[in-house]
Amino acid sequence: MEQPPFHIRVRQEMAAERRSRRSTIEDEPAEGEYFQEMDYPTRDSPDIQVVSAATVAFGNDTATVTVTQSTPFPGGSIQWGTATGVYTSGLQQHKKTVLTTSLNATNQQVLSYTLQFKLTGMQQAAAQAYFGQIRYDDGTLSSEFTWTQPGLNASANDQVFFYDKVLTDFAAIMNWAEKASQAGWMLPDQWTNFRNLVINTAWYNYVKWNDGR
Amino acid sequence: MPYQPNSPRWEFTTGDRTTLKTIAAQANAMMRGLSPASLTAPVKRGDFDAWKNSILGLTPTFNSTGPFPDTR
């Protein structure tokens, strides 16, 4: 028999899963327990157990943390730091779990639920170990995961070249620093802009690295 | 900068004001491609990182209680 289109099969599988769940609830009612029929996890789902471990894939300056499992689980926020149990960059990024599909070994579509965080600005001069944890919306915490981000192989003696566009930033920084030195204060917008200019010089500069890049 | 007697502001300590003066001089050197340390050698990564961190390490105090005297 001809297979229905993929999106129809996905709906059929989800409907079958709902029927199965409903059947379980009706057949084995747990006394005093509240069941909520739902397609997606919500904050009111304390019965969900997160069992899969987070995996981390990293590039030069980014790290992607992914949790995948076959059953729904809550969204959450990620926190991380450079020492175990000490998460100095925390709970700034919140993501919802999304339903995804992939092919298994026999080329069949498999449904799964995925929570993914993309972290940027992770590369340091030397290789750096990071430790992270996910705080799920139901209040549970993942186990700690760790990875080592490769370093730039940079040395303090590397010569630094700047793009021309950075030169105007340097001029503006000089101007603001001189004025602030004389006056002793900056307005809030000026202080924010001043720091952003400094960060810009780091983003736009060109560094001759030890490894020849 | 314009004098705004009632605007909240970030205030620098005497030490921070000295650092800001140094930051300006170092930015001048690096803009010309020279190490702030020697003013003859090229800029090194260590020079740049130290300069950047000296600015990002400033910790002014936020003061929202005006009016403030004109200290320009």
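**A helix and its surroundings**

Author: Start with the buried residues of helix 1 of chain B: Asp16(B), Leu20(B), Ile23(B), Gln26(B), Ala27(B) and Met30(B). Down the helix axis, these buried residues fall within an arc of 130°, so they line one face of helix 1 of chain B. Keep in mind that this is a predicted model.

Now turn to the other face. Away from the buried side, helix 1 of chain B carries the exposed residues Thr14(B) and Thr18(B).

Next, the length. Helix 1 of chain B has 18 residues. From first C-alpha to last it reaches 26 Å, close to the 26 Å expected at 1.5 Å a residue. Just after this helix, Gly33(B) takes a positive phi of about 80°.

What covers the buried residues? The cover of helix 1 of chain B includes helix 2 of chain A and helix 2 of chain B. Ile23(B) shows contacts to both chains. Leaving aside neighbours within four places in sequence, Ile23(B) is in contact with Ala177(A), and also with Trp51(B), Ser54(B) and Ile55(B).

Ile23(B) also belongs to the largest nonpolar core, which has 22 residues. The residues with the most contacts inside this core are Ile173(A), Ala177(A), Ala180(A), Phe194(A), Ile23(B), Ala27(B) and Met30(B). Five elements can be named here. Helix 2 (164–183), strand 10 and helix 3 (188–204) of chain A each give two or more residues to this core, and so do helix 1 and helix 2 of chain B. The largest share, 6 residues, comes from helix 2 of chain A. A second, separate core has 12 residues, including Ala54(A), Val65(A), Ile78(A) and Tyr136(A).

Step back to the contact between the chains. In total, 29 residues of chain B are in contact with 29 residues of chain A. On the side of chain B that touches chain A, two or more residues come from each of strand 1, helix 1 (14–31) and helix 2 (45–56) of chain B. Helix 1 of chain B gives the largest share of that side, 9 residues. By class, the side of chain B that touches chain A has 16 nonpolar, 5 polar and 8 charged residues.

Strand 10 of chain A pairs with strand 1 (residues 9–11) of chain B over 2 bridges. There, Trp185(A) stands opposite Glu11(B).

Follow Glu11(B) to Asn63(B). These two are 52 residues apart in sequence, yet 6.9 Å apart in space, C-alpha to C-alpha. Asn63(B) lies in strand 2 of chain B. Not counting residues up to four places away in sequence, Asn63(B) touches Pro8(B), Arg9(B) and Glu11(B). Asn63(B) counts as exposed because it has 12 C-beta neighbours inside 10 Å.

Finally, place the helix in its chain. Chain B has 2 helices and 2 strands, and from the N terminus on they run β-α-α-β. Buried residues make up 24% of the 72 residues in chain B. Of the contacts in chain B with a separation of 6 or more, 57% join residues 24 or more positions apart.

Methods. Residues numbered from 1 in each chain as written. Chains lettered and ligands numbered in written order. Predicted model: local features only at pLDDT ≥ 70, side-chain atom pairs only at ≥ 80, totals over all residues. Pairing = 2+ DSSP bridges. Helix = DSSP H or I, 4+ residues; strand = E, 2+ residues; numbered from the N terminus. Contact = placed C-beta atoms within 7 Å. Nonpolar A, V, L, I, M, F, W, Y, C, P; charged D, E, K, R; others polar. Buried ≥ 20, exposed ≤ 12 C-beta atoms within 10 Å, placed from the backbone. Core = buried A, V, L, I, M, F, W, Y, C linked by C-beta atoms within 7 Å. Expected span 1.5 Å × (residues − 1). Arc of directions from axis to C-beta.
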